[in-house]
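Welcome, and take a moment to look over the model before reading on. We will walk through its parts, its nonpolar cores and its salt bridges.

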Amino acid sequence: MNANRLTTPKEKVQQLREKLGHAAKTSKSRKFHALYDKVCRLDVLGEAWKCVRANKGTAGVDGETLADIEKKGEARFIEECRERLLQKRYRPQPVRRHYIPKKDGRKRPLGIPTIQDRVVQMAVKLVLEPIFEADFQECSFGFRPKRSAKQALERIRKACNRKGNWVVDVDIQGYFDNINQGKLMKLVATRISDRRMLKLIRQWLEAGVMEEGKVRRSDLGTPQGGVISPLLANIYLNYFDRLWEKHGKEVGELTRYADDFVVVCKTRKDAIHAHKLIRAIMERLELTLHPEKTRIVGLWTGEEGFDFLGMHHRKTKAETGQSHVYYTTGQWLCKKAEKHIREVVKERLAPPNMRRVSIDEHVKWLNPKIQGWKNYYATPYSTRWMSKLDWYIRQRLTKWYAKKRQRNGWRGSGHEVRFLSQMHGLKTLL
């Protein structure tokens, strides 16, 4: 490696993060006071801009798009952000309310900050994340570097196989909307004493939401959609993780992914105790458990199971080489995930305007999706579901092909479509 090679801005930011993370790990009681100047660094703001640009996304309340900034000049935009921060002229704007339709007919609210706010939030996240990472527990997997939903699923599978026959499946009611901002700021202040950093975070929490031209402010919640929100949400629930590590570890094994978590216990008595303990800690955090979605599940006969992170978990019978029957934990995609995959395929292939599109274009569109589903949902226990979905995708393609060719029935086109699918390299889930 060339010793004279200049360090890139990305490497400089990485070195800063490693330094902060190391300092936080070395002293668990250390408070960080000189962080604002690090957020104002051009390399940090430059990396923050690259992350925001890569995430794409639409404009906030000011209507400024990523394309507008690129046209104006990225370097000029980053310099403007820096000057506003240094001269204390930076003021976060309200987030733009946007609703995403849910499968049950309800809508999930998202808050879309302006691009400038997203960049500054990302810069703050780059600086704060390594500090709080040093405090986060092993049981937490959501929105964390080098941690994934697959790792959380594997932890649950192993916990269930270690005589974990009872599960407390927890759902927090409206978590992001009900975080107590005062308590959250106290938890942030356990590590951060830089007043300017704390003021920035408080301003984002108090910026409010713009809906139908009116700004609504609340002293509860962090806006879903904000770059900083997942980190703040993890800081808030890390309080729960730490208390569980102290008081609940003997009762059951906790696995948390953002605001979704399960506790795997050995006995029903432990599960009931775990449920009471969870409720008590949540009361301290001023959070409520969803009465219908929070439940205790008995796994050990294989009659009951639970859904978590898109997978259904259930004990299934298996045999050893000596024909000895035992129960093991099977994981396969849940009904909701299966329904979603079918809807994605149908929405692509069913509309009449899609008949103009060639099979090659459809295959190119479907393949990355199929590969993604396979990477996540394929397990030794999911063969049956995956083959059903493969059949569904082929059936949808056959219906599309028959309509494209203006044929009355679609079943007669099956052999032709199978041949064309293979020729164009359509991937399969199995």
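Let us begin with a term: a residue is called buried when its relative accessible area is under 20%, exposed when that area is over 50%, and partly exposed in between (1.4 Å probe, protein chains only). This is a predicted model, in which local features need pLDDT of at least 70 and side-chain atom pairs count only at pLDDT 80 or more, while totals for chains, interfaces and linings use all residues. Residues are numbered from 1 along each chain as its sequence is written, and side-chain values use heavy atoms, with hydrogens and water left out.

The domain assignment, where bounds come from an automatic or database source, gives domain 1 (13–140 + 174–233) and domain 2 (334–424). Taken over C-alpha atoms, the centres of domain 1 and domain 2 are 40 Å apart.

Now look inside. A nonpolar core is a set of buried Ala, Val, Leu, Ile, Met, Phe, Trp, Tyr and Cys residues joined through side-chain atoms within 4.5 Å. In soluble globular proteins, nonpolar side chains tend to be buried together. The largest core here has 79 residues, and I192, F240 and I278 touch the most other members. Helix α6 (residues 115–133) gives the most to this core, with eleven residues; helices (H or I, at least four residues) and strands (E, at least two) are DSSP runs, numbered from the N terminus. With contact meaning heavy atoms within 4.5 Å, I278 touches several residues, including F240, W244 and L289, when residues up to four places away in sequence are not counted. There is also a second, separate core of 43 residues, and among them are A152, V167, V264 and Y377.

Next come the charged pairs. A salt bridge is a side-chain nitrogen of Lys or Arg within 4 Å of a carboxyl oxygen of Asp or Glu, and by this rule the count comes to 25. In one of them, E133 pairs with R144, their closest N and O atoms being 2.9 Å apart. E133 lies in helix α6 and R144 in the loop between α6 and α7 (149–161), so the pair ties together parts that are eleven residues apart in sequence. Both E133 and R144 are buried.

How far apart in the chain are R162 and E253? They form a salt bridge at 2.7 Å between the closest N and O atoms, yet they are 91 residues apart, with R162 in the loop between α7 and β3 (166–171) and E253 in strand β6 (residues 253–257). R162 is partly exposed at 46% relative accessibility, and E253 is partly exposed at 24%.
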